[in-house]
Amino acid sequence: MTTQSFKKSNYKVRFPPVEGIEELGISGKGIIVNDDIKSWKFNRSIFLQTLTIPKFLRQVVELTKLHFQEMEKYWEFFDRGQDGGEEIQLVEWIHRLNTDFIFHITTGKRYYALASYHSSLLSSAKIVSEKSPEDQPHLSDITPEIIKESEILLSCINSYLISLNFFGLYPRFLRATLQRKRRDELLKKKEWLFGKLTEIVRERRKEIDEIPADEELNYDMLTTMITANTERDVYVIKKNMEKKLEGDERPLSDEEIVVNMTEAFVVRKRLLEELDTVFNAKTSDSSLTNEDISKLVYCEAIIKETARFDPVVPFFDRQSTDTDVVADYSWGPKTQFSVSIGRIHKKPKYWENPDQFNPDRFLQQNMKVEDKNTFLQFGTGLRYCPGHKVAMTEIKCLIALLYRKYDIELVDMNAPLDTSYNTIQRCSSLKIRVRRRNV
Ligand code: HEM
C-alpha cells in the first residue's frame, strides 16, 4: 500500500459504514470510527493541532507529575516499612492514574479514580493501615459523593469502550433479541457519559465567555476545541491549516466536541498496555521538564522495542476506494485490508534477529527511509495516530518518575504475563513490590 497525497489516497477509510455505530449515535462523528471523510478531516485537523503544540505537551508533563505525586501519597500511606517492600497491583494503579490524567488533560477538570481505588483498598480487608485518615490532608476535599461519581464515570467510560466493539460487531438482529438487555445497558451508560461531558462543555463555554478577551486561556483540549476557529482561538488553527476545507472554517459543535473527548478515553486503553509492558526501563536522573523528557533517548528506544515486540494495537484496517495492486494481486475497490502490525514487526526481512529484545536497534541512525512502514506502533498514512506525541511524552515521564525513586521487582518472576485481547492487547494483572531507592 503506498502513501499518497490526501486527494489521491486510496486509503482514507478505516471501515465501511456500520449500522450499529449509527445506533450508538456516533456515526459520522469524531475520528476513530468516522467514515465521513469531510467530517473526519475537519475533526482530525483540530485534534492534531491541539495535541502537538509545545505548550500543550508541557502540560502533559506537568499533569503526569501531578497525578504521579498523588499516587505516591497513597503509596506512602500504605508503606509499613516492611523489609520486602510493599506489594501492590501496579496495573490497577496505573490504569487509574491514566484515567485521571486523560480526564484532566481533555477537560481541564480533576477526577478521582486514584482516590477512589485508595479508598476501596482502605475499606477492604486487604489493607490494614496503621495511619489514620487524618494523616491524609490531601484527601480532605474528596467527599464520598465525589468518590461515588468517579466510580460511575469510570464504569461508563469502560462501558463505552465495550460499546464500540459491541455495536461495531454484533448484527442488529442479535442486538435486538438475545443481546437486548446488554444493548440497553450499554446505551444507558453511553447516554450518562455523553450527558456528563455535554454538561462540562456547556459550563466551559460559559466560563470562557466570562474571561476577558485579553486574558490567556488554559491549554487543556476542551478549551482549545471550543475556541478553535473563533476569535479566542488559542493556537490560531486557521493559519496553520495546510489546506482549508471549504465551509469548514467553523467552530466545533457541542456534539462534535463530546465525541472528540471520548477518543482520548478510547485510546487510553492503548496507552495503558504500553505503560504496563515497559517497566524494565532505566531512566536518566535529570529533573523532569519537557526538554529533559525529550532527551531520554534510551527510554524511548525501550518503549519502541517493547511496542515492536508486543504491539498494543496488533492490527489496523483500511478500505480501498479504487483498484490497487497489493502483493502482486489486483484488488477491486472497497476491499477491506487488515494490516498485521505484529507480523510485520517480527519479519526477518525487515528486522535482524526479530525475536531478540534489543532496544539498541532504535538507537542506530541507520533506520532506513524504506523501513518507514515496517515499524507501525502508531499506524501509518493519513490515519496515523494523532496522539503519538502525548502517548510517548506521558510514558517517558512516568517511567522516569517511577524509576528515579523506586526499586521495582515482580512478585512472581516466573508467572506468565497476564494479558487479554479486545481490539487492543492489555495487561490484566501485574503484581510488583516497590521500595524507595536509597539515592
Ligand atoms: C501507546 C499509546 C497509543 C498507541 C500504541 C496508539 C496507536 C494507534 C494506532 C495503531 C492507530 C491506528 C493508526 C492507523 O490506522 O494507521 C491509532 C489511531 C488513533 N489514535 Fe492512537 N495510540 C496511542 C495513544 C493515543 C492517544 C494518547 C490519543 C489521543 C490523545 C490517540 C488518538 C488516536 C486517534 C484519534 C486515532 C484515530 C486516527 C484517525 O482515524 O484518523 N492515540 N492509534
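A: Take α13 and α15, which are roughly perpendicular to each other (65 to 115 degrees; under 35 is roughly parallel, over 145 roughly antiparallel, the rest oblique). The model is predicted: local features need pLDDT of at least 70, side-chain atom pairs count only at pLDDT 80 or more, and totals for chains, interfaces and linings use all residues. Residues are numbered from 1 along each chain as its sequence is written.

Q: What are the numbers for α13 and α15?
A: Their axes come within 10 Å and cross at roughly 115° (lines fitted to C-alpha atoms over the stretch in contact, with angles from 0 to 180 degrees between N-to-C directions). Helix α13 covers residues 297–309 (helices are DSSP runs of H or I, at least four residues, and strands are runs of E, at least two, numbered from the N terminus).

Q: Which residues of α13 and α15 meet?
A: On the α13 side, C299, E300 and I303; on the α15 side, M392, I395, K396, I399 and A400 (contact is C-beta atoms, placed from the backbone, within 7 Å).

Q: Left-handed or right-handed, where α13 passes α15?
A: Right-handed (the near helix is turned clockwise from the far one by less than a right angle; anticlockwise is left-handed).

Q: Now α5 and α6. How do they cross?
A: Helix α5 (residues 113–123) and helix α6 (residues 144–169) have axes that come within 9 Å and cross at roughly 110°. That makes this pair roughly perpendicular, and the crossing is left-handed. A113, A115, S116 and S119 of α5 meet I147, S150, E151 and L154 of α6.

Q: Switching to the sheet. What is the strand order?
A: β1-β9-β6, an open sheet of 3 strands with antiparallel pairing (two strands pair if DSSP finds at least two bridges between them). The edge strands, each pairing on one side only, are β1 (86–89) and β6 (406–410). From one strand to the next, the twist averages 35°.

Q: How many bridges join β6 to β9, and how many join β1 to β9?
A: β6 is joined to β9 (residues 431–436) by 5 bridges, and β1 to β9 by 4. I408 stands opposite V434 in β9, while Q89 has K431 in β9 as its bridge partner.

Q: Which helix lies across β1 and β9?
A: Helix α4, residues 90–107, which runs at about 55° to β1.

Q: And the core: which residues have the most contacts inside it?
A: L90, L97, L114, M225, I257, V258 and L398, in a largest nonpolar core of 81 residues (buried Ala, Val, Leu, Ile, Met, Phe, Trp, Tyr and Cys joined through C-beta atoms within 7 Å). Helix α15 (residues 388–405) gives the most to this core, with 10 residues.

Q: What does M225 touch?
A: I46, T50, L252, I257 and N260, leaving out residues up to four places away in sequence.

Q: Last one, how much of the protein is buried?
A: Buried residues make up 37% of the 439 (20 or more other C-beta atoms, placed from the backbone, within 10 Å of a residue's own; 12 or fewer is exposed, in between partly exposed). The protein has 15 helices and 9 strands.

Terms used. Contact = placed C-beta atoms within 7 Å.
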